[in-house]
Amino acid sequence: MVQTILTRLATSLLVILGASVLVYCIMYLLPGDPVLLMLDPSSATPEMIQNLRVQLGLDQPFYIQFANYFGDMLRGDFGKSMINSDPVLPKILEHFPATLALTALSSIIAITIGITLGVLSAIHRNGVIDFIARLVGLFGISMPTFWTGILLILLFSVQLGWFPAMGSDGFSSLVLPAATLGLVGAGFIVRMVRNSMLEVVNEPFIVALRAKGLSQRTIMYGHALRNALIPAVTVIGMLIGDLLAGTVVVETVFSRQGIGRIIADALMAKDLPVVQGVVFFTAIIYVVLNLLVDISYAYIDPRVRRAVRT
């Protein structure tokens, strides 16, 4: 088991390195000079521009710039914003709790709705509940996040006045953004759990349990659901990472202050250290989530435990 975890950690480091290289290359190749964003082009002299470029290390070759950047990242130095010279890491840590709360609540909504409707859909196959569950799944997968958010604002904020449309003040302002992301995630989970349940209920061990006289509730919730959740765990783990990435759009729509909003503003201003810092920070979280999913397999599925031991 330890060897498996170490292998996953090594793979995770390669993923983080690859994400850092990709983002750095994209930002490096974008048109525009970040130095001109920090200075007033009308009053800046060529000497001032060159001195600032040397100060930031932008006069160095690409590979040296990247080596310095990645080395600083590994030491916990995410650099400073090119716009206001604020340190990047404290800025990320300051806004991360708001994004974490949004991701956590949306994950709870997605998992609760997804698993519940997925199980009920499989139990009542081709019935009314199955139709509603598949409709929810189709809606969650098909609707763009920003459009779902706008619809929820029009209904629950403008028409009913139940929740605020924008801001980050209290739990009430978190409900609509979390519901927006949660509905998207629920759509994927519903389909996965439903399909897994339908496959499991036809397995020989389910037939044997019925022959022993166990009730339908015990069979479905005590035996079939646990086996059906094994493939769903992968989707849920990846989905939490996707929900974290989806906060970029949702926090912009609902005017929330979080790391999604930070990277959106930084992209518009071409603030390279902020963009790279947020992506590096998010990549670490995403990789950790996937590592936890891999480890959880050994505790959910006994077959994985036996495979690891051998």
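In helix 3 (residues 46-56), the buried residues are Ile 49, Leu 52 and Arg 53; buried means under 20% relative accessible area, exposed over 50%, and partly exposed in between (1.4 Å probe, protein chains only). Viewed down the axis of helix 3, these residues fall within an arc of 105°, so they line one face of the helix. An α-helix has 3.6 residues a turn, so residues three or four places apart point the same way. The face turned away from the buried side of helix 3 carries Glu 47, Asn 51 and Gln 55, which are exposed. After helix 3 comes Gly 57, with a positive phi near 80°.

The model is predicted, and its local features need pLDDT of at least 70, while side-chain atom pairs count only at pLDDT 80 or more. Residues are numbered from 1 along each chain as its sequence is written.

The largest nonpolar core has 32 residues, and Ile 115, Ile 189, Val 193 and Met 197 have the most contacts inside it. Such a core is a set of buried Ala, Val, Leu, Ile, Met, Phe, Trp, Tyr and Cys residues joined through side-chain atoms within 4.5 Å. Among the helices that each supply at least two residues of this core are helix 5 (88-123) and helix 10 (216-253). A second, separate core of 26 residues includes Val 23, Met 82, Leu 272 and Val 275.

Phe 139 belongs to helix 6 (residues 128-142). At 35% relative accessibility, Phe 139 counts as partly exposed.

How values were computed: Heavy atoms only, no water. Helix = DSSP H or I, 4+ residues; strand = E, 2+ residues; numbered from the N terminus. Arc of directions from axis to C-beta.
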